Amino acid sequence: IIQYCVENSLLDFLEKNNIYLFAGDTAVNSFTHKLNSMQVNDVKGHRIIKLNPSVELNKAFYENVIKTINNELSVLFMNTFTKMELQRLWIENIIENSPYVFKNLLTISKNKIPNPAVIIAAGPSLRSSLEMLRQIKEKAVFFCVDTALGALTEADIIPDYIVSVDSQIHNFKDYYSSVKYFDKYTVLGAASLYKGVQRSIKNIYYFTGLKESELINNLEKVTSKSVNSVEIDISVTSAAINIAIASGFKEILFVGLDMAYTGGISHVQASPIYNEFLLTSNKFKSIGHSFYNLIRKRKTEIIEETKVDVNTFIFKQNLENLILSSELEFYFTGNGQRIHGADFLDNEDIIKLFFKYDETNFDFTVNKTNVNVLIEYYNSFINALDNFKNRLLDFDNNIDEVLKFKMKLENKFSFMHDYFIKDDLYLERTQTHDVNRKNTYYVLSLLNRVVKIRKSVLRTLNYLKSSDNTNTD
């Protein structure tokens with residue numbers, strides 16, 4: 001058929017570089033592979049044209065293809081918008097966390113670990129597994145997502161490691177219910193983790209998300225130390241899973257990983273957002289109502305009689321692909337969605353399975369470095385910010401001169417391009433007859449950004465130069 005179409009010039013329209021043809025049983029995989037190399041601007045305003053065959057129309061197949069394509073595009077848009085909304089916060093947090101990050105670098109190395117890892121998520125079914133977790137506590141290594149922490153500590157269960165990645169202030173609510181245990185916690189945290197966690201909990205070992213910030217690359221060059229990268233695929237749970245796999249665990253049990261908002265409940269009791277859908281909770285309000293309202297609209301239909309959002313649907317797909325491509329043993333319990341490729345075990349089965357193991361003695365190692373090398377870097381950054389700030393204060397409607405100074409700053413400190421990205425989009429896309437007003441608004445916005453990041457740098461320098469910063473080898 002394709003040969004006939006080519007010979008009769010019926011596919012000439014495909015020579016245009018903004019038209020793609022996906023055909024056959026591999027259409028979904030081909031689309032996903034292509035999408036990985038595309039940006040939002042490449043697909044913005046897209047249209048999907050469905051070419052129905054003239055015979056034996058498989059309606060369900062086509063509906064699944066269209067639905068998957070729309071879901072994948074929704075995730076691309078949401079991830080891009082999330083990055084745009086949070087990029088500045090990530091950079092500010094990394095700057096203020098950086099002395100602690102390089103004093104406590106998480107070292108992940110693959111070892112032969114005889115005991116299983118337990119990934120504890122915050123699904124509603126976690127509550128029914130608390131007694132089982134209490135009985136197997138000494139036989140396995142517990143990786144708990146921060147949102148599930150309240151439910152565990154309410155049952156007097158202290159996890160071995162708490163995985164925490166959120167950069168916003170609401171992240172600290174996950175720790176409110178367990179202040180008395182702060183000195184007993186070990187947190188595995190992303191470099192852009194909310195600063196309040198670092199100020200309250202002593203033992204935090206740091207890693208970086210793969211897409212966190214160009215700033216991490218700059219700091220690695222300054223310190224001559226590498227920060228371990230962990231893929232954070234949509235959910236903090238994926239970070240916990242990837243850390244466990246990279247550490248060498250051969251058996252992994254999922255508890256509370258329901259991936260379902262059954263009966264209107266999205267999270268286990270004692271979690272900060274218990275009994276609220278994630279997409280309609282206060283989780284998103286702190287990053288602006290426009291983004292919050294956009295996220296709320298992104299929902300799928302009912303899947304396997306459980307309401308899920310697009311991100312949860314894609315996370316489940318990615319997790320199942322990971323399991324099917326792995327030689328490790330995966331188990332799950334609870335009454336959420338079935339995880340294909342993992343074996344279901346009830347609580348009694350888990351206790352029997354884990355009884356054969358000896359007590360675990362697993363621990364991570366920490367790589368420390370002398371962070372005083374950051375002083376010179378941040379001093380240089382402050383000087384560059386001050387020069388740019390002075391140019392902004394002297395703005396005389398010469399926008400080209402401002403852009404030249406801005407480019408000079410971004411060439412030296414590449415992460416600043418991401419820091420200014422929303423302002424640049426405003427300048428690029430705002431259509432108005434009053435150009436001077438638009439330029440003035442842009443310059444004032446840049447000035448506000450410079451003042452804000454300058455405060456973060458000064459706080460970091462004050463710490464680095466204080467007696468609290470003790471030198472380490």
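Which residues point one way from strand 3, and which the other way? Val-141, Phe-143 and Val-145 point one way, Phe-142 and Cys-144 point the other way, and all are buried. The model in which these residues are placed is a predicted one.

## Overall make-up

The protein has 473 residues, and 49% of them are buried. Its secondary structure comes to 17 helices and 13 strands. Among contacts between residues at least 6 apart in sequence, 70% join residues at least 24 apart.

Strand 3 covers residues 141–145. The strand is mostly covered, with five of its five residues buried.

Strand 2, residues 117–120, pairs with strand 3 over four bridges, in the parallel sense. Within this pairing, Ile-120 stands opposite Cys-144 of strand 3. Between the two strands the chain passes through helix 5 (residues 130–136), and this β-α-β crossover is right-handed.

## Strand 4 and its two partners

Strand 4 (residues 161–164) runs parallel to strand 3, and three bridges join them. From strand 3 the chain reaches strand 4 through helix 6 (residues 149–154), in a β-α-β crossover that is right-handed.

The side chains of strand 4 also point two ways: Tyr-161 and Val-163 go one way, Ile-162 and Ser-164 the other, and all are buried. Strand 4 pairs with strand 5 (residues 186–190) as well, in the parallel sense and over three bridges. In that pairing, the bridge partner of Ile-162 is Val-187 of strand 5.

## Aromatic pairs

The model has 24 aromatic pairs. One of them is formed by Tyr-161 and Phe-362, whose ring centres are 6.3 Å apart. Their planes meet at 80°, and because planes over 60 degrees apart count as edge-to-face, the pair is given that label. Tyr-161 belongs to strand 4, whereas Phe-362 lies in the loop between helix 12 (347–354) and strand 13 (365–367), so the pair ties together parts that are 201 residues apart in sequence. Both Tyr-161 and Phe-362 are buried.

Phe-413 and Phe-415 form another edge-to-face pair, with 6.3 Å from centre to centre and 70° between the planes. Phe-413 has a relative accessibility of 2% and therefore counts as buried. Phe-415, at 1% relative accessibility, also counts as buried.

## Lysines over rings

Where does the charged end of Lys-137 sit? It sits over the ring of Phe-142, 5.2 Å from the centre of that ring. Phe-142 is a buried residue of strand 3 and points the other way from Phe-143. Lys-139 lies over the face of Phe-355, at 5.7 Å from the ring centre.

## Ser-98 in helix 4

Ser-98 is part of helix 4, which covers residues 59–103. Is this residue buried or exposed? Ser-98 has a relative accessible area of 1%, and because buried means under 20%, Ser-98 is buried.

The side chain of Ser-98 has a polar atom 2.7 Å from the backbone oxygen of Ile-95. A polar contact of 2.8 Å also joins the side chain of Ser-98 to that of Tyr-378. Leaving out residues up to four places away in sequence, Ser-98 touches Leu-219, Leu-374, Tyr-378 and Thr-460.

How values were computed. Residues numbered from 1 in each chain as written. Heavy atoms only, no water. Buried < 20%, exposed > 50% of the residue type's maximum accessible area, 1.4 Å probe, protein only. Polar contact = N/O pair within 3.5 Å; in protein donor to acceptor, adjacent residues only side chain to side chain. Contact = heavy atoms within 4.5 Å. Pairing = 2+ DSSP bridges. Right-handed = clockwise from strand over helix to strand, strands pointing away. Phe/Tyr/Trp six-rings, centres within 6.5 Å; stacked < 30°, edge-to-face > 60°. Lys NZ or Arg CZ within 6 Å of the ring centre and 35° of its normal.
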